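Hi,

Here is the structure I said I would pass on. Have a look at it first, and then read my notes below.

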Amino acid sequence: VFSSDLSSGINAEYGGKKAKWTCHHWTEVDHAWGRRHPGQVEQQCERVKGRRYTGGNNDLAPGCGGCYCCKKAKWTCHHWTEVDHAWGRRHPGQVEQQCERVKGRRYTGGNNDLCGG
């Protein structure tokens with residue numbers, strides 16, 4: 001399998017530039033805060049430094065897509081190049097190695113928690 005779905009899942013491109021924002025998925029701490037403060041979604045998002053409430057307006061946080069709560073992107077999704085595909089054909093079943101053979105890449109298998117978003 002050679003698919004960008006196996007990497008971080010962050011929207012890597014926005015207008016031809018690297019995404020600066022990514023969706024923040026509520027943690028259990030966020031859910032608990034929300035239960036104590038019902039109806040305060042904007043405050044729930046922005047109570048943590050570095051997050052921005054957008055209400056789904058991607059123009060307020062380019063790269064975040066339709067998410068309502070966004071955070072600065074630390075990692076972006078790497079989309080396989082032809083060189084990556086060629087390496088994968090020579091080394092079938094070694095997707096993690098295919099990703100991490102290049103410095104600065106981290107294989108997550110789609111689990112964004114491994115890269116902090």
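Which residues make up the largest nonpolar core? There are six: Trp-21, Cys-23, Ala-61, Cys-64, Cys-67 and Cys-70. In general, nonpolar side chains tend to be buried together in soluble globular proteins. Ala-61 is worth a click: setting aside neighbours within four places in sequence, Ala-61 is in contact with Trp-21, Arg-52, Thr-54 and Cys-70.

Before the rest, a word on confidence. This is a predicted model, with a mean pLDDT of 80 for the protein chain and 79% of residues at 70 or more. Helix H2 (residues 41-46) has the highest confidence, at a mean of 95, while strand E1 (residues 13-14) has the lowest, at 40. The pLDDT is below 50 over residues 1-17, and in the model that stretch has 45 contacts beyond near neighbours in sequence.

Now the disulfides. Going through them:

- Cys-23 and Cys-67: the sulfur atoms are 1.9 Å apart, and the link is left-handed, with -100° about the S-S bond. Cys-23 sits in strand E3 (residues 21-23) and Cys-67 in the loop between strand E4 (51-53) and strand E5 (69-72), so this pair ties together parts that are 44 residues apart in sequence. Both Cys-23 and Cys-67 are buried.

- Cys-45 and Cys-69: here the sulfur atoms are 2.1 Å apart. The torsion about the S-S bond is about 85°, so this disulfide is right-handed. Cys-45 is in helix H2 and Cys-69 in strand E5, and the pair links distant parts of the chain, 24 residues apart. Buried means under 20% relative accessible area; Cys-45 is buried at 0%, and Cys-69 counts as buried at 4%.

- Cys-64 and Cys-70: the S to S distance is 2.0 Å, and the link is left-handed, with -95° about the S-S bond. Cys-64 and Cys-70 are both buried.

Where do the disulfides and the core come together?

One more cysteine to look at is Cys-99: Cys-99 is buried, with a relative accessible area of 5%.

Cheers

Conventions:
Residues numbered from 1 in each chain as written. Heavy atoms only, no water. Core = buried A, V, L, I, M, F, W, Y, C linked by side-chain atoms within 4.5 Å. Buried < 20%, exposed > 50% of the residue type's maximum accessible area, 1.4 Å probe, protein only. Contact = heavy atoms within 4.5 Å. pLDDT = per-residue confidence, 0-100. Helix = DSSP H or I, 4+ residues; strand = E, 2+ residues; numbered from the N terminus. Disulfide = S-S within 2.5 Å.
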